[in-house]
Amino acid sequence: MKLFRLLTLGLLIILSTSTSAKKLNILVVTGGHSFDHQSFFAMFDSFQNISYTELKHPEANLQLGTIDQKTFDAVVFYDMPKTISETEKESYYKLLKSGKGLVFLHHSQCSYQAWDEYKTIVGGKYHEEKNTPQTSTYQHDVTFAVKITDQKHPVTKGIKDFEILDEVYGNTEVLPGVTPLLTTDHPQSSKIIGWTHKKENSRIVYIQPGHDKNSWFNPNYQKLVNQAIVFVSKK
Ligand SMILES: [Zn+2]
């Protein structure tokens, strides 16, 4: 049954490749955190330059390592599973080795709390452990100002500073080697809320906003996600 599902998935990707040769083909990984599925994918449906296939946990991590890497350009993570097996980790190492672009959105920096290497892939970490100096925080429904650090960067070009209504994360860990793309001065938020870096051969972008449709329907946010996917897809 699993083999059949993988074959079906492979066929879907081949079909989407043949019908839209000029589009980027991406995988979108979901699961481990509830979200408004229809509104989230409405954002991807609006992207004229991108075709997508959704991979859902718990199968997604093994599928990532099984699908022919030539059939997709990048992976977007909007997932938040708690655990990962050693075999599943191999899928990530394979993606990094082959230089697949990776875009991590919102709660994907909270995944796999016990897998230390994960934060070096994302470039940061939301710490869930309680009552420590490292403990991260969240606050829903906050209107805050997003500042663009470099308006010439391919991920943020054409986007001016903007306001967004979203969830903020505070006291998150941001690794020193990343290049900040987005910041905010909101007191309940970490300062750096978007960045890019390289891990092995992969370009990686993390964008912290994205809790619900207040972001997904925001034209600035849509442009950010779209340009992040295009940027990481380039070799
Ligand atoms: Zn959230």
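**Reading the model**

Tutor: With a relative accessibility of 48%, Glu200 counts as partly exposed, a class between buried (under 20% relative accessible area) and exposed (over 50%), using a 1.4 Å probe and protein chains only. This is a predicted model, in which local features need pLDDT of at least 70 and side-chain atom pairs count only at pLDDT 80 or more, while totals for chains, interfaces and linings use all residues. Residues are numbered from 1 along each chain as its sequence is written, and side-chain values use heavy atoms, with hydrogens and water left out.

Student: Which residue other than glycine has a phi near 55°?

Tutor: Most residues other than glycine have a negative phi, and most peptide bonds are trans. Here Asn131 has a positive phi, near 55°; Asn131 is exposed, at 78% relative accessible area. Glu200 also has a positive phi, about 50°, and sits in the loop between strand E10 (192-199) and strand E11 (202-207). Helices (H or I, at least four residues) and strands (E, at least two) are DSSP runs numbered from the N terminus. As for peptide bonds, the one from His57 to Pro58 is cis, with omega near 10°.

Student: What are the protein donors of the zinc ion?

Tutor: Donors are N, O and S atoms within 2.8 Å of the metal (3.2 Å for Na, K and Ca); water is not among the atoms, so sites may look incomplete. In this model His106 (NE2), Glu167 (OE) and His211 (ND1) lie 2.0 to 2.2 Å from the zinc ion. His106 is in the loop between strand E4 (101-105) and helix H5 (118-122) and Glu167 is in strand E7 (residues 162-170), so the pair ties together parts 61 residues apart in sequence. His106 is buried, at 0% relative accessibility, and Glu167 is buried at 6%.

Student: Which residues touch the most other members of the largest nonpolar core?

Tutor: A nonpolar core is a set of buried Ala, Val, Leu, Ile, Met, Phe, Trp, Tyr and Cys residues joined through side-chain atoms within 4.5 Å. The largest has 36 residues, and Phe40, Phe44, Leu105, Ile207 and Ile229 touch the most other members. Its largest share, 7 residues, comes from helix H7 (residues 219-233). Apart from it lies another core, of 29 residues, including Leu64 and Phe72.

Student: Where does Phe104 lie?

Tutor: Phe104 lies in strand E4 and is buried, with a relative accessible area of 0%. Contact means heavy atoms within 4.5 Å. Leaving aside neighbours within four places in sequence, the contacts of Phe104 include Phe77, Tyr118 and Val205. C-alpha to C-alpha, Phe104 and Val205 are 6.3 Å apart in space, yet 101 residues apart in sequence.
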